[in-house]
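Hi,

Here is the structure I said I would pass on.

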Amino acid sequence: MPMSSESSARSSSGRVHESDVRPTAEQACKECRRRKSKCDRMVPVCALCHKFKRRCSYEKQTKTPLTRRYLNEVESELVRTKALLQQFMKNSKDGSNVNFGAPAEDIGQVSCVVDAAGSQLLSHPESSDRRTRPLGPPASPEVRSGHPTSQRATQETRTDQQLQYRSSVSETGPQTLSCLSLEPPSSPTNFEWDERNGNSNGERFVDGMASLTSASHEGGYLGVASGAALLRATDAGISGTTEVSGLEQQSCIPNDQPPRIPFALSSLGQLEPFVDAYFSLFHRSYPIIHEATFRAQLMEVIPRPAGNAWQVLLFIVSAMGMWTTATQPTDADLGLFEAAKARLSIDMLETGNLVLVQALTIISNYMQKRNKPNSGYNYTGLVRRIAMGIGLHKEFPNSKASLFTTEVRRRVWHCLYIFDVGAIITFSRPFDFPDDGIDVALPMNIHDPDFTQATKSLPMSAEETTVYTHMRAQAAFHMATSKIYSKIISSPFPSASDLLDMDEKLIGCWHCDLPPYFRESVVQEPRFRLCHSILRWRYRNFRILMYRPFLLSRLMARPGQSTTQDNHAQVDATIQRCLDAARESVELISNFWAQEQHNMMACWYGLYFLFQAILIPVICLRNDPQGPLATGWREQIHRAMSTLESMALLNPTAYRCLSVIRSRCGTYLDTSSEGWGHPTEESPQTQLEHLYPLMWPTLEMAQLDGIDSVLQESTIMDFMNQLPDM
């Protein structure tokens with residue numbers, strides 16, 4: 001019998017020629033499976049059934065094959081589909097992006113968006129309302145530029161505040177001060193903030209250091225002990241805007257172009273370099289995680305904790321590791337952070353465990369460092385409640401937990417304590433960390449191999465610096481200074497004698513109790529030099545916060561006021577300590593930056609402490625440009641500006657600091673310029689009316705509630721009558 005046209009299209013091997021376009025089934029037909037014959041799966045009739053004239057039928061496929069190859073194909077298809085959807089939504093008329101979820105399996109898939117050139121971009125949703133984002137499955141994070149630079153700096157409309165330091169005041173020609181309130185603006189609604197869009201440029205810039213944020217930027221409440229408060233004291237008289245340098249413009253990544261990521265994260269193994277980076281730097285200052293346990297979980301040598309909390313911890317560890325060790329401006333870490341945040345869900349707030357506390361604590365600190373300070377502050381408050389909910393604030397002598405577990409809990413609690421108190425001081429907000437009912441011992445100063453899960457008795461403390469030394473020292477510092485901080489943000493402001501006494505008893509004792517191997521003069525190993533230096537900077541910064549009100553009030557003294565010699569000497573001592581702390585800070589930070597490795601973590605802390613310190617000589621020079629200390633002030637400012645210029649290559653926020661310094665004392669730095677030797681002239685009464693919130697922060701809030709200004713005036717006059725004769 002001659003072959004039909006259909007059968008002639010088949011080869012001897014039973015396959016269809018390339019010219020045949022007939023579809024094939026996913027599995028063999030029923031008849032071939034029954035006979036265990038090789039079926040070519042042609043539809044509607046396979047070759048064997050056609051040849052032997054059998055009834056050929058196929059079962060409908062109801063389940064997908066659970067193979068790695070099939071899952072890879074599905075994941076690749078999902079990436080392509082999401083890229084197309086993102087591109088489609090970007091081109092829509094409202095310009096918003098929609099966040100499409102991705103599987104939250106243990107593989108930790110982080111999707112990529114592929115741009116027109118074929119480059120892969122780790123991306124997060126760009127919607128203006130993040131409340132509509134799905135909470136459960138991880139999102140496809142889109143990284144936007146986060147550099148705090150702009151074409152034009154914040155509009156500055158207030159007149160320049162002048163602060164006068166003099167050992168004596170002439171009876172003729174009052175030495176003057178012109179400033180506006182150091183408290184935030186008069187309308188309570190201006191304290192509201194929205195940090196969802198991540199915009200770190202332009203007039204809505206909010207810095208995580210709380211030093212550059214102006215009141216008009218709606219950056220949340222920043223009290224009288226914050227860096228922004230002191231900046232407000234010098235913010236007057238600077239009209240117009242500050243031009244952004246060309247170098248700053250070049251270093252800024254445009255907001256509308258997300259940074260490119262050279263790879264797509266398709267497995268947790270690709271996060272290992274970022275985990276290594278985390279433990280190489282950040283961990284040595286804040287060891288909230290036990291490194292060996294975490295690495296064993298990553299490699300699945302031991303089981304990973306159930307739920308998504310561990311993946312949140314993994315991705316925030318990776319983001320923090322990438323950012324802190326970066327040696328050039330980068331936004332690549334933002335994609336990892338969005339991946340961590342996408343794995344958070346509201347359901348997690350109905351759980352309480354150590355992993356969740358660790359993850360949220362690191363998130364809070366990361367958000368502050370990435371210029372979302374109020375968001376980080378909220379996370380800290382949340383995680384503190386979770387921590388107390390699982391009893392981290394208590395010791396349990398009769399607990400059946402191992403010694404190792406108890407020690408890990410102590411480390412987590414004290415790292416949380418450090419971050420919480422540090423944020424409170426940075427933003428100058430009320431000290432609400434509980435003192436009563438807290439009985440957690442400081443972690444031991446030991447090397448990790450000496451204390452493991454199998455340890456049955458407590459090991460001896462190491463007599464050298466370990467990864468836990470800095471955490472112990474900083475926690476002890478905050479415990480010693482919490483009482484002082486509560487005093488300096490309250491009304492009335494403590495007297496000079498009270499502060500000097502607390503300085504000697506509290507800070508002095510803390511300083512003496514530092515272990516010999518971690519004292520100021522001891523040179524540390526390279527891996528511990530940053531955390532050791534940060535502690536030295538922090539100690540001096542706190543002294544600046546304590547004593548700078550006396551430096552400011554020195555200007556307000558009037559001739560003819562009677563006072564005792566002791567009070568006069570004590571005020572002089574506080575002013576000298578403020579000046580010394582500022583000078584030492586400039587020297588220490590500049591020396592460190594000149595000698596040690598440059599990375600983002602060192603730059604962030606150095607910039608924070610340096611800017612607050614340099615504002616002291618800036619204020620002094622503006623008000624006493626021909627004084628006996630003016631030459632030293634100019635040297636400090638020039639040195640700080642040189643350091644800031646170098647830091648700006650890594651962190652563009654330093655450009656803003658430079659702009660502030662130049663705009664406020666540029667003419668006073670050049671003694672050949674006209675008018676450099678004349679301080680501003682304004683009556684002490686007028687100066688104090690502008691400066692009063694620094695001394696009485698409660699009065700500002702009283703006026704917000706509609707209380708008559710007579711209270712302000714009477715308080716000011718009472719204060720002026722009590723000022724020592726300078």
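Below is what I found, going from the whole chain down to single residues.

First things first: this is a predicted model. The protein has 726 residues, and 54% of them count as buried. Its secondary structure comes to 24 helices and two strands. If you take the contacts between residues at least 6 apart in sequence, 74% of them join residues at least 24 apart.

The peptide bond joining Val-43 to Pro-44 is cis, with omega at about 10°. Arg-41 lies in the loop between H2 and H3 too, and has a positive phi of about 60° although it is not a glycine. With 30% relative accessibility, Arg-41 counts as partly exposed.

There is also a cis peptide bond from Ser-491 to Pro-492, with omega near 0°. Pro-492 is in the loop between helix H15 (469–488) and H16.

Now the aromatics. The structure holds 21 aromatic pairs. One of them is Tyr-278 with Phe-279: the ring centres are 5.1 Å apart and the planes stand at 90°, so this pair is edge-to-face. Tyr-278 and Phe-279 are both buried. Another pair is Trp-510 with Tyr-539, which is tilted, at 6.0 Å centre to centre and 40° between the planes. This pair links distant parts of the chain, with Trp-510 in helix H16 (residues 496–513) and Tyr-539 in helix H17 (residues 529–553), 29 residues apart. Trp-510 and Tyr-539 are both buried as well.

Tyr-278 and Phe-279 also belong to an aromatic cluster, together with Phe-282, Tyr-286, Phe-294, Trp-310 and Phe-419.

Phe-294 takes us to H9, where the buried residues are Phe-294, Ala-296, Gln-297 and Leu-298. What covers these buried residues? Helix H7 (272–280) and H10 are included in the cover.

Is Met-299 buried or exposed? Its relative accessible area is 53%, so Met-299 is exposed. Met-299, Val-301 and Ile-302 make a nonpolar surface patch of about 290 Å².

Glu-300 lies in the loop between H9 and H10 too. Although Glu-300 is not a glycine, its phi is positive, at about 60°. Glu-300 is exposed, with a relative accessible area of 53%.

To recap the backbone points for when you open the file: the cis bonds are Val-43 to Pro-44 and Ser-491 to Pro-492, and the positive phi values to look up include those of Arg-41 and Glu-300.

Cheers

Notes
Residues numbered from 1 in each chain as written. Predicted model: local features only at pLDDT ≥ 70, side-chain atom pairs only at ≥ 80, totals over all residues. Heavy atoms only, no water. Helix = DSSP H or I, 4+ residues; strand = E, 2+ residues; numbered from the N terminus. Buried < 20%, exposed > 50% of the residue type's maximum accessible area, 1.4 Å probe, protein only. Contact = heavy atoms within 4.5 Å. Patch = residues over 30% accessible without salt bridge, like charges linked within 9 Å, V, L, I, M, F, W, Y side chains within 5 Å. Areas by Shrake-Rupley, 256 points an atom, 1.4 Å probe, with all protein chains shown as cover. Salt bridge = Lys/Arg side-chain N within 4 Å of Asp/Glu carboxyl O. Phe/Tyr/Trp six-rings, centres within 6.5 Å; stacked < 30°, edge-to-face > 60°.
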